[in-house]
Amino acid sequence: MNSRAFFTHRKVVFLLASLCCLLWGSAYPAIKNGYAMFHIAPGDIPSQLVFAGYRFLFAGLVLLGVAALGGKNVFPFDRRTVGQVTLLGLTQTSLQYLFFYLGLAHTTGVKSSIMNATGTFFSVLLAHFIYHNDRLSFNKVLGCLVGFVGVMVVNFGSGLMQFDFTLLGEGSVVMAALVLSAASIYGKKLSQRIDSVVLTGYQLAIGGAALLVIGFAMGGTLGSPTPAALALLGYLVVLSSAAFSLWTTLLKYNRVSMVAVFNFMVPVFGTLLSAFFLNESFLEWKNGLALLLVCGGIWLVTRDELPAARPALKPQ
């Protein structure tokens, strides 16, 4: 079975996309514990950028090391390609995280989770105008709406009923989602001629290095690390390298709308895992309902897409 046949197989797409979302969901409690271990205050954005910078820089270097050990050419670029890969790293990692952290500092975690989920809508909408075989359909629109309701349900609480909107807060989180969606589609284009692992390694390393420079320039620091703190950072590095490389590979071989809809699972997994690892209550009706809605949305979007995803997909 060749790579295209494997990564477009129905069960493989569901399994790997769900695994990526599970890994990203586990990052929520890991990052929260990481802030405590490295003595980073909740509002200390510069130090948070430094922490994220180390995470993504090392994740990128790990992927490049794995690619080199696997016999892949990790220096396949001409000057034009270097510029394109650098642009991808600065947007998909650096710029979107800058917007996300800025928004998170000026709004609640509940709203950030919901606003960040708009990225799925952006991905589906942008794919409609860029790829001739990824047009909007009734099932896609309905599936996205059902999944978005699931994200709202898992975040349901008193804060959800406050509908104020600010450009610096909620607006920045939406911009982060838009930047990530556009950059992911751009990355899909690049992955057609650059190995997915190598491409992901470079974009994470470049984006992480930029976050480090910005964080240090703003006065960010990390406390003296303990073995436990370093182990936690190591876990974040591994999950980032694994999840981002798998996600890039799935986008390379499948339609954007089919893969993007799985993003709705991230806040659901994040809520469940945060509750479990942070000793909070997670046996609540809203969590089960949210997971049911998100899975229903994914089924609606993908039920007509997966069988047709196996032929070669060429961007137009």
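A residue is called buried when its relative accessible area is under 20%, exposed when that area is over 50%, and partly exposed in between. The model described here is predicted. A search of the whole structure finds 16 aromatic pairs, and the cavity count comes to two of 30 Å³ or more.

**The pair Phe 56 and Phe 244**

- The ring centres of Phe 56 and Phe 244 lie 6.1 Å apart with their planes at 80°, and this pair is therefore edge-to-face, the class for angles over 60 degrees.
- Because Phe 56 belongs to helix H3 (residues 45-69) and Phe 244 to helix H10, the pair ties together parts that are 188 residues apart in sequence.
- Phe 56 has 0% relative accessibility and so counts as buried.
- Phe 244 is also buried, as its relative accessible area is 11%.

**The pair Phe 121 and Phe 148**

- The rings of Phe 121 and Phe 148 have centres 5.3 Å apart and planes at 70°, so this pair is edge-to-face.
- Phe 121 is in helix H6 (residues 118-130) and Phe 148 is in helix H7 (residues 138-154), so the pair ties together parts that are 27 residues apart in sequence.
- Phe 121 is partly exposed, because its relative accessible area is 26%.
- Phe 148, by contrast, has a relative accessible area of 16% and is therefore buried.

**The aromatic cluster**

- Ring pairs join Trp 24, Phe 56, Tyr 97, Phe 100, Tyr 101, Phe 244 and Trp 247 into a cluster.
- Trp 247, a member of this cluster, is also one of the residues lining the largest cavity.

**The largest cavity**

- The largest cavity holds about 70 Å³ of space.
- Its lining consists of Leu 88, Gln 92, Ser 184, Gly 187, Lys 188, Leu 199, Thr 200, Gln 203, Trp 247, Thr 248 and Leu 251.
- At least two lining residues come from each of helix H4 (79-105), helix H8 (167-191), helix H9 (196-217) and helix H10 (227-253).
- Sorted by class, the lining has four nonpolar, six polar and one charged residues.

**A charge over a ring**

- Lys 188 places its charged end over the ring of Tyr 131, at 5.5 Å from the ring centre.
- Lys 188 is also among the residues that line the largest cavity.

How values were computed:
Residues are numbered from 1 along each chain as its sequence is written. This is a predicted model: local features need pLDDT of at least 70, side-chain atom pairs count only at pLDDT 80 or more; totals for chains, interfaces and linings use all residues. Side-chain values use heavy atoms; hydrogens and water are left out. On a 1 Å grid over the protein atoms alone, a cavity is a set of points where a 1.4 Å probe fits but cannot get out, and a pocket is an open set with protein on both sides within 12 Å along at least five of seven lines; lining residues have an atom within 4 Å of a point. Grid points are joined across faces, edges and corners, and a volume is the space filled by probe spheres set on the points. Helices (H or I, at least four residues) and strands (E, at least two) are DSSP runs, numbered from the N terminus. Ala, Val, Leu, Ile, Met, Phe, Trp, Tyr, Cys and Pro count as nonpolar, Asp, Glu, Lys and Arg as charged, and the others, Gly among them, as polar. Rings of Phe, Tyr and Trp (its six-membered ring) pair if their centres lie within 6.5 Å; planes under 30 degrees apart count as stacked, over 60 as edge-to-face and the rest as tilted. Buried means under 20% relative accessible area, exposed over 50%, partly exposed in between (1.4 Å probe, protein chains only). A charge sits over a ring if NZ of Lys or CZ of Arg is within 6 Å of the ring centre and within 35 degrees of the ring normal.
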